[in-house]
Number of protein chains: 2
Amino acid sequence: MSPEEFRQFGHQLIDWISDFHAGAGARPVMAAVAPGAVKALLPKEAPIEPEPMDVVLRDFAAIVPPGLTDWQNPRFFGYFPSNALPAGMLGDMLATGLGVLGLTWQSSPAVTEIEEVVTDWVRRMVGLSDEWSGVIQDTASTNTLVALLCAREVATNYGLARGGLQGYGRPLSIYLSAHSHSSVEKAALLAGFGRENLRFVPLDETYAMRADAFEALVAADLARGIQPCALVATIGTTATTAVDPLAALAPITARANMWLHVDAAMGGSAMILPECRPLWQGIESANSLVINAHKWLGAPFDCSLYYVREPEQLVRVMSTNPSFLQSSVDGQVKNLRDWGIPLGRRFRALKLWFMIREQGVAGLQARLRRDIANARHLADLVRAAPGWEVLAPVAFQTVCIRHNPGLAGEALDRHTLAWVEKINRSGAAYLTPAVLDGRWMVRISVGALTTEVHHVEQAWQAIRAAAESVAARI
Amino acid sequence: MSPEEFRQFGHQLIDWISDFHAGAGARPVMAAVAPGAVKALLPKEAPIEPEPMDVVLRDFAAIVPPGLTDWQNPRFFGYFPSNALPAGMLGDMLATGLGVLGLTWQSSPAVTEIEEVVTDWVRRMVGLSDEWSGVIQDTASTNTLVALLCAREVATNYGLARGGLQGYGRPLSIYLSAHSHSSVEKAALLAGFGRENLRFVPLDETYAMRADAFEALVAADLARGIQPCALVATIGTTATTAVDPLAALAPITARANMWLHVDAAMGGSAMILPECRPLWQGIESANSLVINAHKWLGAPFDCSLYYVREPEQLVRVMSTNPSFLQSSVDGQVKNLRDWGIPLGRRFRALKLWFMIREQGVAGLQARLRRDIANARHLADLVRAAPGWEVLAPVAFQTVCIRHNPGLAGEALDRHTLAWVEKINRSGAAYLTPAVLDGRWMVRISVGALTTEVHHVEQAWQAIRAAAESVAARI
């Protein structure tokens, strides 16, 4: 394909994307295809001869959209928002179009230096001190793994240079909670700590860690000769956006010489609002921190920011220096390959640079404030409706609800799953059920880019009608 | 930004990308900017108020291109090729524009199902049996880590469910070679094995592992009560594209009950050519395999394919199943979050689907054959020139050369680094020096999409002139 043909098909594709987003309001949110339906439309083998690009694009348009759940839809209230601001899309598309790779600074200096600048912009935007340095990785799952690997190596005085975790005599333990993201437990297991060495800190009535219970667990480990290695605290848990109390937890990690990693994948975005920052008071005592710019903030996936206070620890764990990556300027530059697991790196900073400039900090703040207000409004509507409950504090933009027409136990679970399935299948809104205190409930995560108050009110009407009609058939 | 404004700026951006690639031949390959020069052009703080998108794009065009080393340039011979076929770029841009996320099958069924189909297309294209299942991850670094984590868990009978690597009594050892990619050693250290438990298999005169030496190392470990855990063999090492002899190594790993991971990040692409497949004879005995479709094959970065023979092992190590990710169809679908480290996943399959169809298998084969012929032609030219040597077999498309005007030791190193720096700074070609047998040499990695035989011949003329003029000044 020549640059001229690329231009022609590129214009077609931009038009298609623009139309796709302009038409979001009219489409069902959840994909309605059956398992295997997309696969069945594709041949089992690759074509031997080239196919015309317009045929490829035509097939795309016929086969793919019905198989997509539409995350950018104003009626998307599932999981957490994964917003893709148009300016960020343009930046990401340009990154693809440039076809350059951040392998070393020299392999494309702008890839490294713009990443340094924009991670520093976000640092200031969320009110962190200049003690922190940032890097962009793919996901919070990866960043939490990186954090626990660093915690392990600092705790063992860099045992990786000797016998690794195999050569360290004293068991290390990791602290999390039952409401930590599933990736925290996964990271701890991948890092080699073992399930027996995970400690689940008991929760208070807001689903936040209890500092006193954490302290007691640490003392119990120490008494048994187990070395407390790291605590992962969360600012905005997945089920209910609960907020672990950093200011109370941090002194305990400091006294026990533990690593404190803060998973602010969701809640970190809110810290661009000064009024939210009391929620992560104590953050300056953490060792590492993850904020997913690809969630509520609006950078197209993937764009997970990892901040550390002592980059030399990170570099000591992640560094490689083969001859083919050395250059004459290595002493004067950052080589971000030594700040994470992969060697090759996309030019992710471009999307963040574009979206922050096009929105301005004020524009991003206004949208997040809108979403918080909409979530509180929704919570008020739910609380006012007979038979409906809001189950957890609305710290940010997610509302956890349940409808109870006088049921208990598994009958209540069946009712909840029935009405949420009805809503999702209707296409009117997309919601994510989850288990809270052993019973299913429904999370309504407000904050898609185009979700306005009337979308929230319409979703609530649809939810109420669906649940109450399901209940009427019991 | 409205969909209409997105359309307008998107068209500008496509035009810019098209012009950028049309003008590649006229640009220097290596970025000429000094350390810190890009950073110095950007403000220290994010703008508070929104900025017009055309100003953002104008700044991009002024600031970024001089800071890019041009990987898509026909005179790029550095590292390994990281090709971005235009059809693949379109697929990747569309993935960004859709803004959907593969968190679970339900979160966008097409993301999972097209990934299943295209990884299976590539499986057939490289001649692997249907015993293999594939998944797309970011990089070979990550995939090698995943492989060693699985090897560790299988060797310990899934110790992660108990005491982890901390609770396993017998030390596990990992086998690699001094010519394995730097990510292999890094992965082994991150997986917790410890440097003391790494075994570097001695090499033969082609820089490939010696099976007899490997067998002796395994026997020595067993005699000392150390459990050989995994061998990482390479098809196309980074320095010289050497090929470890799988057919001779695999029976040894089988007898010792070890995991065999094959790093075919580079050489795997060549297996779409039936005439290259004898190079990885024995591959069907491996447990896991990585092929970087984002290198020579031409998928825009990142697109690293990971194949396993027993996916249930992978899923057992990587699986998480929190309530908020469960759906009513989980028994009937693949949830690829359980096939790797990150939970969130981009729609990477789209670029692979687009590029394979637009090129056809025959189109991809023709290009790779062209590059192999060009590399052999270059090697012939180098061998015929007085004072020049080709230092290693040209297994694929990389030629390792040295010019020796009668120097030895560090004087020879200084000469080599001087002429390669001269070439790179001239912008005429971009080459990567590396150390071989303790002395610097220069790798010429042929295979950018637009590199034709005349580019190779011109690069050789420039190289020869640069080295010989540097030598004349000694």
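Helices (H or I, at least four residues) and strands (E, at least two) are DSSP runs, numbered from the N terminus. B:D380 and B:R383 sit three residues apart in helix α11 of chain B, so about one helical turn separates them.

This is a predicted model: local features need pLDDT of at least 70, side-chain atom pairs count only at pLDDT 80 or more, and totals for chains, interfaces and linings use all residues. Residues are numbered from 1 along each chain as its sequence is written, chains are lettered from A and ligands numbered from 1 in the order in which they are written, and side-chain values use heavy atoms, with hydrogens and water left out.

**The two chains**

Chain B superposes on chain A by a rotation of 180° with 0.0 Å of shift along its axis, at an RMSD of 0.0 Å. In chain B, the C-alpha nearest the axis belongs to B:M93, 2.5 Å from it. Both copies use the same surface: 100% of the contact residues of chain B recur in chain A. Contact here means heavy atoms within 4.5 Å.

Each side is counted separately: 155 residues from chain B and 155 residues from chain A take part. Together the chains bury about 13,200 Å², 65% of it on carbon and sulfur atoms. Buried area is the accessible area (1.4 Å probe) that two parts lose on being put together, summed over both. Which residues of chain B lose the most area to chain A? They are B:Q166, B:F324 and B:R357, together 6% of what that side buries.

Polar pairing also crosses the interface. The rule finds 83 residue pairs in polar contact between chain B and chain A, both residues at pLDDT 80 or more. A polar contact is a pair of N or O atoms within 3.5 Å; within protein, one must be able to donate a hydrogen and the other to accept it, and residues adjacent in sequence count only if both atoms are side-chain atoms. On the side of chain B that touches chain A, helix α1 (residues 3-22) gives the largest share, 17 residues. That side divides into 85 nonpolar, 40 polar and 30 charged residues. Ala, Val, Leu, Ile, Met, Phe, Trp, Tyr, Cys and Pro count as nonpolar, Asp, Glu, Lys and Arg as charged, and the others, Gly among them, as polar.

**Salt bridges**

Side chains of opposite charge can pair when their charged atoms come close. A salt bridge is a side-chain nitrogen of Lys or Arg within 4 Å of a carboxyl oxygen of Asp or Glu. Between chain B and chain A the count is 14.

| Pair | Closest N and O atoms |
|---|---|
| A:D59 and B:R357 | 2.6 Å |
| A:E51 and B:R357 | 2.9 Å |
| B:R370 and B:E452 | 3.0 Å |
| B:D380 and B:R383 | 3.2 Å |

B:R357 is buried, at 5% relative accessible area. Buried means under 20%, exposed over 50%, and partly exposed in between (1.4 Å probe, protein chains only). B:R370 is buried at 18%, while B:E452 is partly exposed at 34%. B:D380 is partly exposed at 47%, and B:R383 at 48%.

A salt-bridge network links A:D92, A:R346, A:K351, B:D92, B:R346 and B:K351.

**Backbone features**

Most residues other than glycine have a negative phi, and most peptide bonds are trans. The peptide bond from A:F301 to A:D302 is cis, with omega near 5°. A cis bond also joins B:F301 and B:D302, with omega about 5°. B:D302 lies in the loop between α9 (293-297) and β7 (304-308) of chain B.

B:N157 has a positive phi, near 50°. Its place is the loop between α5 (140-155) and β2 (172-176) of chain B. B:D437 has a positive phi of about 50°. B:D437 is exposed, at 64% relative accessible area.

Methods:
Copies are superposed by least squares on the C-alpha atoms of residues with pLDDT of at least 70 in both.
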